[in-house]
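Look over the sequence and the model, then read the points below by topic.

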Amino acid sequence: MSLKVQPKQVHPWAGVCSMSLCVALLIAAEFMPVSLLSPMATSLQVSEGRVGQAVAISGLFAVFSSLFVTTLAGRWNRKSVLLGMTTLLFVSLVLMTVAVSVEALMLSRILLGICIGGFWSLATSVVMRLVAAHEVSRALAIMYSGQAFAAAFAAPMGSFLGAFVGWRGVFALLVPVVVINFIWQWRVLPSLPNAHALSVAALLSLFKRRYFVRGIAAVIFTFAGAFAMFTYLRPFLETVTKVDVNALSALFLVLGLAGFVGTWVSGKLAHRHAIGLIRFLPLGMALITLGLIFLGTSIGPTAVLLAIWGALNTTLSVAWMAWLSQNLDDVPEAAGSLMVAAIQAAILTGSALGGWVLDVRGIQATFLTAVLLCVAALLIIGPGRGLAKRASTL
């Protein structure tokens with residue numbers, strides 16, 4: 001079956017929606033271990049911090065993948081590259097379902113990391129080719145609605161179903177959905193030929209743009225702060241809030257459902273106020289995490305705080321990718337590669353640092369580390385003028 005065969009007529013928004021499903025699967029596969037960290041640690045007979053660090057290895061390989069997929073792919077049709085990433089996701093999930101050691105878990109996460117980096121490095125540039133310029137922010141919000149969906153249902157369903165089918169069974173349930181997604185992408189994505197190969201020199205030339213360098217630094221600290229907290233949310237809820245599995249699932253559901261609000265709001269605001277959102281997000285996340293440290297022993301305040309955090313979390317990706325599409329529209333693939341590398345490096349750093357602090361100092365210190373990382377991001381962003389290509393973008 002040739003991948004060059006195309007349907008006679010394909011609406012561009014169908015392609016955006018197929019990418020949204022892929023986003024949901026990627027987010028579910030990448031972050032579902034957050035809701036399964038404790039049973040995974042018990043099954044593999046290692047500490048929760050060790051599992052968190054093993055899970056985080058996907059971020060390391062996502063960094064390398066995001067940097068090199070666009071260059072190694074050269075002039076390959078971008079549709080074929082995206083389908084290749086979906087195939088790799090399938091293989092990763094199959095391996096996850098049979099993992100019996102930390103090493104096997106790490107192999108699965110390595111393949112997942114390659115898939116994540118490759119998909120995300122191309123995603124924004126592909127969306128920019130599918131829809132008109134004034135529709136890009138809306139299309140990004142639709143694509144990231146897959147993130148909100150996964151955040152809403154993957155974690156609570158993971159913790160709930162894990163009690164019945166085990167954590168491996170939870171990942172096995174994703175396998176047939178990936179197959180459906182592959183078929184859908186093949187049917188609805190248009191051919192996306194690439195006339196110019198991206199060179200490493202083109203990537204490095206972006207660091208001559210001061211606003212881009214500032215943006216990358218802000219991205220690293222913001223996402224590191226977010227995931228130093230989020231990766232270890234289950235141990236916090238179990239040991240500080242002291243919830244059972246049903247309440248745990250409900251809290252993850254609250255967090256995830258709030259993500260739909262964040263996606264909707266960011267889709268409305270990102271086209272004109274991307275930098276304003278970027279300035280607010282690390283401050284909001286720092287305050288929410290501090291609130292959890294002081295109020296996390298009560299389930300009511302914890303639920304409210306997690307709902308707000310969930311909305312901010314989904315806004316984070318849309319705001320930064322909207323910033324990229326507006327300020328680096330002349331080099332979207334190169335900028336996307338470096339942006340994704342920065343995000344994945346931040347996730348890796350935040351998760352690994354959080355795991356180390358958790359094992360050495362405990363969960364409260366882990367959350368305080370997340371706060372400090374967000375504060376650093378806030379200082380880098382400042383008034384936001386240094387992030388704009390032109391003053392008019394503010």
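Rings of Phe, Tyr and Trp (its six-membered ring) count as a pair if their centres lie within 6.5 Å, and the pair is stacked with planes under 30 degrees apart, edge-to-face with planes over 60 degrees apart, and tilted for the rest. By that rule, the whole structure contains eight aromatic pairs. The model is predicted, so local features need pLDDT of at least 70 and side-chain atom pairs count only at pLDDT 80 or more, while totals for chains, interfaces and linings use all residues. Residues are numbered from 1 along each chain as its sequence is written, and side-chain values use heavy atoms, with hydrogens and water left out.

**Aromatic rings**

- One of the pairs joins tryptophan 120 and tyrosine 144, which are stacked at 5.2 Å centre to centre with 10 degrees between the planes.
- Tryptophan 120 belongs to helix α6 (residues 102–130) and tyrosine 144 to helix α7 (residues 136–172), so this pair ties together parts 24 residues apart in sequence. Helices here are DSSP runs of H or I with at least four residues, strands are runs of E with at least two, and both are numbered from the N terminus.
- Tryptophan 120 is buried at 9% relative accessibility, and tyrosine 144 is buried at 3%. Buried means under 20% relative accessible area, exposed over 50%, and partly exposed in between, using a 1.4 Å probe and protein chains only.
- Phenylalanine 230 and tryptophan 309 also stack, at 5.4 Å centre to centre and 15 degrees between the planes.
- Phenylalanine 230 is in helix α10 (residues 210–230) and tryptophan 309 in helix α13 (residues 299–327), so their pair links parts 79 residues apart in sequence. Both residues are buried.
- Phe119, Trp120 and Tyr144 are joined by ring pairs into a cluster.

**Cavities**

- There are two cavities of 30 Å³ or more. On a 1 Å grid over the protein atoms alone, a cavity is a set of points where a 1.4 Å probe fits but cannot get out, and lining residues have an atom within 4 Å of a point. Grid points are joined across faces, edges and corners, and a volume is the space filled by probe spheres set on the points.
- The largest cavity has a volume of about 320 Å³. Of its 25 lining residues, Ile27, Glu30, Phe31, Gln147 and Phe227 are the closest to its centre.
- Helix α7 gives the largest share of this lining, six residues.
- The lining of the largest cavity has 20 nonpolar, four polar and one charged residue. Ala, Val, Leu, Ile, Met, Phe, Trp, Tyr, Cys and Pro count as nonpolar, Asp, Glu, Lys and Arg as charged, and the others, Gly among them, as polar.
- The second largest cavity has a volume of about 120 Å³. Its lining of 16 residues has Glu30, Phe31, Val55, Thr231 and Ser351 nearest the centre.
- The lining of the second largest cavity divides into eight nonpolar, six polar and two charged residues.

**Buried sites**

- Helix α11 (residues 233–241) is largely enclosed by the rest of the structure, because seven of its nine residues are buried. Among them are Leu233, Arg234 and Phe236.
- Asparagine 181 lies in helix α8 (residues 175–188) and is buried, at 0% relative accessibility.
- Apart from neighbours within four places in sequence, asparagine 181 is in contact with Ser18, Leu21, Cys22, Leu25 and Thr86. Contact means heavy atoms within 4.5 Å.

Definitions and conventions
1 Å grid on protein atoms, 1.4 Å probe; cavity = no way out; pocket = protein on both sides within 12 Å on 5 of 7 lines; lining within 4 Å.
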